[in-house]
Amino acid sequence: MKTAFIISFILVMIISSCTTYERCIQKYGDTVIDTVDVEYSVTVPRDSIVTRIMLDTIPFMVPGDTVVIEDPESRAKISYWKSAYEDALEIRADCDSVTITDTVRVEVSQKVFKPPPLSRREQLWRGWANAAGVALPLIILIIVAIIILKLK
């Protein structure tokens, strides 16, 4: 008798198992397409430039005057000048890396669970349960108040 009860209990548990979320999505699911803004960044690496300074023009340079050479196709820039205090040519090359940030709109589709509408019987039961949830504490408070008034 005891083993029959255990076997029947196990069979009932197997037969009355729950439905999976995936199965509910297949049956009651709906696909929702939404637009999301995604930010991304791209770092442009440093750039370089090559130039030629003719040595015969250096003696004719005025100390402190700066000559700037820029490449229109890149961000690189070379500056050179004759030192005001020493007999030397000073050179500086400038070019930094640049980070470009932008926002892209991406469409995302997602499965959403939409259960079937409630039947009339289920709607009545939910209304009754909500009303009972409010009315029952009120009735208990009224009964407690009546008992307290009678005891005084």
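## Position of V36 and basis of the model

V36 is found in strand 1, where strands are DSSP runs of E with at least two residues, helices are runs of H or I with at least four, and both are numbered from the N terminus. V36 is partly exposed, at a relative accessible area of 35%; this class lies between buried (under 20%) and exposed (over 50%), using a 1.4 Å probe and protein chains only.

The model is predicted, so local features need pLDDT of at least 70 and side-chain atom pairs count only at pLDDT 80 or more, while totals for chains, interfaces and linings use all residues. Residues are numbered from 1 along each chain as its sequence is written, and side-chain values use heavy atoms, with hydrogens and water left out.

## Overall architecture

The protein chain contains three helices and five strands, arranged along the sequence as α-α-β-β-β-β-β-α. Of its 152 residues, 9% are buried. The accessible surface of the chain is about 13600 Å², with 62% belonging to carbon and sulfur atoms; accessible areas come from the Shrake-Rupley method with a 1.4 Å probe, and for residues only the protein chains shown count as cover.

Among contacts (heavy atoms within 4.5 Å) with a separation of 6 or more, 59% are between residues 24 or more positions apart.

## Nonpolar surface patch

V36 belongs to a nonpolar surface patch with V38, Y40, V42, V98, I100, V104, V106 and V108, which together have about 620 Å² of accessible area. Two or more residues of the patch come from each of strand 1 (29–44) and strand 5 (98–113). Strand 5 gives the largest share, five residues.

Patches consist of residues with over 30% relative accessible area and no salt bridge; like charges are joined within 9 Å, and nonpolar side chains (Val, Leu, Ile, Met, Phe, Trp, Tyr) within 5 Å. A salt bridge is a side-chain nitrogen of Lys or Arg within 4 Å of a carboxyl oxygen of Asp or Glu.

## Surroundings of R75

R75 lies in the loop between strand 2 (66–70) and strand 3 (77–82) and is partly exposed, with a relative accessible area of 35%. Beyond its neighbours within four places in sequence, R75 contacts V44, P45, R46, D47, D94, C95, D96, S97 and V98. The C-alpha atoms of R75 and C95 are 6.0 Å apart, although 20 residues separate the two along the chain.

## Helix 3

Helix 3 (residues 120–151) has 32 residues, which at 1.5 Å a residue should span 46 Å; the separation of its end C-alpha atoms, 46 Å, agrees. The expected span is 1.5 Å times one less than the number of residues.

A kink of about 25° in helix 3 is centred on A132, the bend at a residue being the angle between axes fitted to the seven residues ending there and the seven starting there.
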